[in-house]
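This report goes through a single chain, from its surface and overall fold to two selected sites. The sequence and structure are shown here.

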Amino acid sequence: MNKKIIFILGGARSGKSAFALKEATRVSGKKAYIATAEVLDEEMRQRIEEHKRKRDDEWVTYEEPIRIDNIIKGIENRYSVIVIDCMTLWLSNLMHNGLNIEDEIKHLISSLVAHNLSLLYVVSNEVGMDIVPDNELGRRFRDMAGILNQMIAEISNEVYFVMAGIPMKIK
């Protein structure tokens with residue numbers, strides 16, 4: 001099987017998720033969407049509902065804030081394509097739950113490399129191009145997001161950066 005990982009980066013509201021869905025929709029067969037967002041307030045609930053409306057009936061959604069690796073292992077043989085959205089929310093969930101970030105990233109990278117489907121899209125925010133956060137937690141998040149993004153980019157076949165709705169292939 002010819003396995004392919006496509007990594008899509010961009011800023012907030014850059015169009016990265018829309019690009020991932022558009023590209024994945026071109027693949028025939030069953031499609032899965034792994035959502036990492038959690039409903040923590042009304043505004044986030046509305047954002048999640050907006051994302052759901054953008055996916056039609058050919059998509060099956062799995063909501064998993066932390067154990068993405070287990071979801072991939074459990075569903076990979078049932079789908080032609082999987083979209084994981086979004087890695088920075090996943091990272092935030094890890095930090096919020098006090099988990100060992102380095103270990104969790106290693107588990108995730110291993111599962112991405114070992115997946116048994118032909119096409120996997122991974123979406124993440126690029127947060128390192130902004131100002132340096134004024135607190136330790138913010139700086140740790142920014143630094144870990146940069147490390148996570150580098151590790152995913154390294155194992156990906158293709159990497160895109162989306163700005164103002166325009167995808168640019170960088171790998």
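## Surface and charge

The accessible surface of the chain comes to about 9100 Å², and 52% of that area belongs to carbon and sulfur atoms, with areas taken from the Shrake-Rupley method with a 1.4 Å probe and, for residues, only the protein chains shown counting as cover. The model is a predicted one, in which local features need pLDDT of at least 70 and side-chain atom pairs count only at pLDDT 80 or more, while totals for chains, interfaces and linings use all residues. Residues are numbered from 1 along each chain as its sequence is written, and side-chain values use heavy atoms, with hydrogens and water left out.

The chain carries 23 positive and 25 negative side chains, and 5 Å separates the centres of the two sets. In this count Lys and Arg are positive and Asp and Glu negative, with His and the chain ends not counted, and each charge is placed at NZ of Lys, CZ of Arg, CG of Asp or CD of Glu.

## Overall fold

Six helices and seven strands make up the elements of the chain, where helices (H or I, at least four residues) and strands (E, at least two) are DSSP runs numbered from the N terminus. Their order from the N terminus is β-α-β-α-β-α-β-α-α-β-α-β-β. The radius of gyration is 15 Å, close to the 16 Å that the globule rule gives for 171 residues, so the chain is as compact as a globular protein of that length; the radius is taken over C-alpha atoms, and the rule is 2.2 Å times the number of residues to the power 0.38.

Of the 171 residues, 45% count as buried (under 20% relative accessible area, with exposed over 50% and partly exposed in between, for a 1.4 Å probe and protein chains only). Among contacts (heavy atoms within 4.5 Å) between residues at least 6 apart in sequence, 77% join residues at least 24 apart.

## An aromatic pair

Three aromatic pairs are counted in the chain, the rule being that rings of Phe, Tyr and Trp (its six-membered ring) pair if their centres lie within 6.5 Å, with planes under 30 degrees apart stacked, over 60 edge-to-face and the rest tilted. The rings of Tyr33 and Trp59 have centres 6.4 Å apart and planes at 85°, so this pair is edge-to-face. The pair links distant parts of the chain, with Tyr33 in strand β2 (residues 31–35) and Trp59 in strand β3 (residues 59–63), 26 residues apart. Both partners are buried, Tyr33 at 3% relative accessibility and Trp59 at 9%.

## The site of Ile66

Ile66 lies in the loop between β3 and α3 (68–75) and is buried, with a relative accessible area of 15%. Leaving aside residues up to four places away in sequence, Ile66 touches Trp90, Asn93, Leu94, Asn97 and Leu99. The C-alpha atoms of Ile66 and Thr36 are separated by 7.1 Å, although the two residues are 30 apart along the chain.
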